[in-house]
Amino acid sequence: EEEEEEEQELPAGCGQGGASARRRRPRQEPAGRVANLFELITSDDPEAETASTEKRDDSRLQEEDHSGNKEEVELGCLENDRGKDGDEKDQLDKTAIPSNKSRKKKKKRKNKKNAAGEAPCPRDEDNDAEDIESILVRLESPSGPWGQSEGRVIADSRPLLYVEHRNLNPETELKRYFGARAVLGDQRPRQRQRPHLRSTWLTVPKSTWPRHSKTGLSMRLLESKRGAQHFAFEHHREYQQVQFKFLDAVESMDPNNLVLLLQGNPYHVDSLLQLSDVCRMQEDQEMARDLVERALYTLECAFHPMFSLTSGTCRLDYRRPENRAFCLALFKHMIFLEKRGCPRTALEFCKLILSLDSENDPLCMLLVIDFLSLRAKEYAFLTRLFQEWENHRNLSQLPNFAFSVPLAYFLLSQQEDVSEMESSQAHEKASHLIQQALIMFPSVLMPLLDHCSVQPDTAVASHSFFGPNAQLSSPPALNQLVALYLGRTHHLWKDLAVMGWLETNVHQVLRLVDANNPVLEEAEQKRKVRYQSAPRNIYRHVILSEIREATAALPPEVTSQPIMGFDPLPPLDSIVSYTRPERANHPSNESTLSLFFRSLLPNFSLQGEVGAAGAEEPGAGQDLNQGVNRLMAAMRDMLANIQFQEPPHEDHPEGEEGEWD
């Protein structure tokens, strides 16, 4: 389209000579076209979007005429003051290049906003990018404008253990809480200075980490059956040698040996995990978390090209020692995320660990997934998990699911975006399930109230069903599960509304007990039969969780054996791919003198051993004599260099020494 130009004369008396000035009129934008895309996002007038294009064009023309007249008056006054410069201005305006036209258009838009009373808001490129990013996060979040209505439909159509890449990054969750500027800060320019670190999904590599090179760790595909791919990590020969050194360092019980080993091999996974436990015991949480993240980075760099974190069809057998480091690193990272205040990210890692071996569940993730779901307010996911897995996994027989699922239904009924009918159904379902849980596990109520600092009423405290006999009659394995659940989840029950709902259902259960309902006897028989002993994976979970109430209830057969942080309670049916070479065993009946000589001279051996070796090597006895001679010479030099220092002379006279008597 051609640009239209109009010449208007300024009113007389505005300048000294009353000269006229000419101004180029801007090109009209076609209907339905927006020059600035950010106007669509920051538009404050929703009625303007529903108006017809003709009315918008007419109003735009009127505004431009009105603002153009004002600008022409001001420009005319300035040009009349300058005199001859006005003619030169006209000539330059006629021959202006298109870039100057666009600049004038932008200036006119700003002048229009200023004339209408809107202050200009200058933004740099970083602020614009952050605004767009925050808008996209709000749109994609479950609480966004479309998430409330379509979130449940989308969640139900996905697989149960579906993992999203963006939810594996804790920064995504922290941005929702505090904003992108508060979380990222000055990290964006620093990320460009990491050419030697590749980007990964599980962790964000740091510029302070050592340069990553080939570590001798890889992954291979074992087989594909029933729609699942089974993988296994592999240790090459150089990695095996480092692993042997690591075992020697662990047996030495000296953390400095682990530090020395990591200086030469900064990406040895088991060393990183073991040293992380040492730092955590020394209350250096930041370093402990950094070491676990570095271990995850090393393991992800060794992934097979077909191994996927989100498909849910990749399997890792925990019986293989090479695979255990990955599962343990994920578990430790999940614990750190939950303590950091990122329960949604921790829940995503929990689903990832469970998807690697959901049938055997070697780390017993079912004991923690309910807690993370409640902390992340993912109530719909927890109820769906219970509905789909209850028939073949008997989740209601675990105390954590028996109490957490009705709590999730109750919290669902309290949400504002739920209809009245759905709220009443969820509340009814929650009351029914919590009554079943109290009947099945009566030993949970009184310790739960004690943890919440709630004093029960006399009707509950004096009743024998919830009294001390309930705790004494429970099997030890059941007490272990109850202690684990209460130590981890008791603070979620402190809400006043939750306590009121619990009190109502407790009194309803007492009425059933007084009526001798046959359900009570059936629940008692189940408790006696099903909780005789806990499996090994539950003990492994308790050790890794480090919850004081549950750790104190571990049986002696578990606490009496050595437990290593890099491999706690290994499976009894482990699949070993390589073994550690046997070390030379020294006889245990050595004398004190021979042990002293061995500490000074490691090659020293007894006469019997030398005699046996001398039959094969004729010069063995002569080597022994030379070694003993060198040892004696070293001892003589050491004794000769010992100097006894005389006590310092006192300056006090002899007469003053009597004061100490």
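A residue is called buried when its relative accessible area is under 20%, exposed when that area is over 50%, and partly exposed in between (1.4 Å probe, protein chains only). The model is predicted, so local features need pLDDT of at least 70 and side-chain atom pairs count only at pLDDT 80 or more, while totals for chains, interfaces and linings use all residues. Residues are numbered from 1 along each chain as its sequence is written, and side-chain values use heavy atoms, with hydrogens and water left out.

Begin by selecting residues 343–356, which form helix 16; helices (H or I, at least four residues) and strands (E, at least two) are DSSP runs, numbered from the N terminus. Of its 14 residues, 14 are buried, so helix 16 is largely enclosed by the rest of the structure.

Next, select Lys206 and Glu293, whose side chains meet in a salt bridge (3.7 Å, N to O), a term for a side-chain nitrogen of Lys or Arg within 4 Å of a carboxyl oxygen of Asp or Glu. Lys206 lies in the loop between helix 10 (187–191) and strand 1, and Glu293 in helix 14 (residues 285–301), so the pair ties together parts that are 87 residues apart in sequence. Lys206 is partly exposed, at 27% relative accessible area, whereas Glu293, at 9%, is buried.

Stay in helix 14 and select Glu286 and Arg289, which lie 3 residues apart, about one turn of the helix, and form a salt bridge with their closest N and O atoms 2.7 Å apart.

Finally, select Arg324 and Asp567, which are both buried and form a salt bridge at 2.8 Å between the closest N and O atoms.

How values were computed: Expected span 1.5 Å × (residues − 1).
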